Amino acid sequence: MSKRYEQNKASIERYLAKQDELKIRLPQGQKATVQAAAMQVGESVNQYTQRALLARMGLADWPKIEQQGKVEE
């Protein structure tokens, strides 16, 4: 493998280590509905669903998290 490939792989691994993953299931055929809605507002499906979650929770942004996993107040 090339050095560039290995550097890219390491970079992706560092990025993913800082992310949580949430899998959602939709009724069959509704994925396209969500994709179209996201496209209409110029966002990725990830951005669109994150914004929807924040709105549903009544938040403007994600809360800051301390290193121990507790939410800062």
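## The largest pocket

In this predicted model, 25 residues line the largest pocket, and those nearest its centre are Asp20, Leu22, Asn46, Gln50 and Leu53. The elements that each give two or more residues to this lining are α1 (3-17), α2 (30-40) and α3 (45-57). The top contributor is α3, with seven residues. A pocket here is an open set of points on a 1 Å grid over the protein atoms alone, where a 1.4 Å probe fits and protein lies on both sides within 12 Å along at least five of seven lines; lining residues have an atom within 4 Å of a point.

How much space lies in the largest pocket? It holds about 1,200 Å³, where a volume is the space filled by probe spheres set on the points, joined across faces, edges and corners. Its lining divides into 14 nonpolar, five polar and six charged residues. Ala, Val, Leu, Ile, Met, Phe, Trp, Tyr, Cys and Pro count as nonpolar, Asp, Glu, Lys and Arg as charged, and the others, Gly among them, as polar.

## The chain as a whole

Helices (H or I, at least four residues) and strands (E, at least two) are DSSP runs, numbered from the N terminus.

The protein chain has a radius of gyration of 17 Å, whereas a compact globule of 73 residues would have one near 11 Å (taken over C-alpha atoms; the globule rule is 2.2 Å times the number of residues to the power 0.38). Along the principal axes, its C-alpha atoms fill a box of roughly 40 × 35 × 25 Å. Of the 73 residues, 3% count as buried, meaning under 20% relative accessible area with a 1.4 Å probe, protein chains only.

Alanine 38 sits in helix α2. Is this residue buried or exposed? Alanine 38 counts as buried because its relative accessibility is 1%. Its C-alpha atom is 5.5 Å from that of tyrosine 48, ten residues apart along the chain.

Just after α3, glycine 58 takes a positive phi of about 75°.

## How to read the numbers

Residues are numbered from 1 along each chain as its sequence is written, and side-chain values use heavy atoms, leaving out hydrogens and water. Local features need pLDDT of at least 70 and side-chain atom pairs count only at pLDDT 80 or more, while totals for chains, interfaces and linings use all residues.

Methods. Buried < 20%, exposed > 50% of the residue type's maximum accessible area, 1.4 Å probe, protein only.
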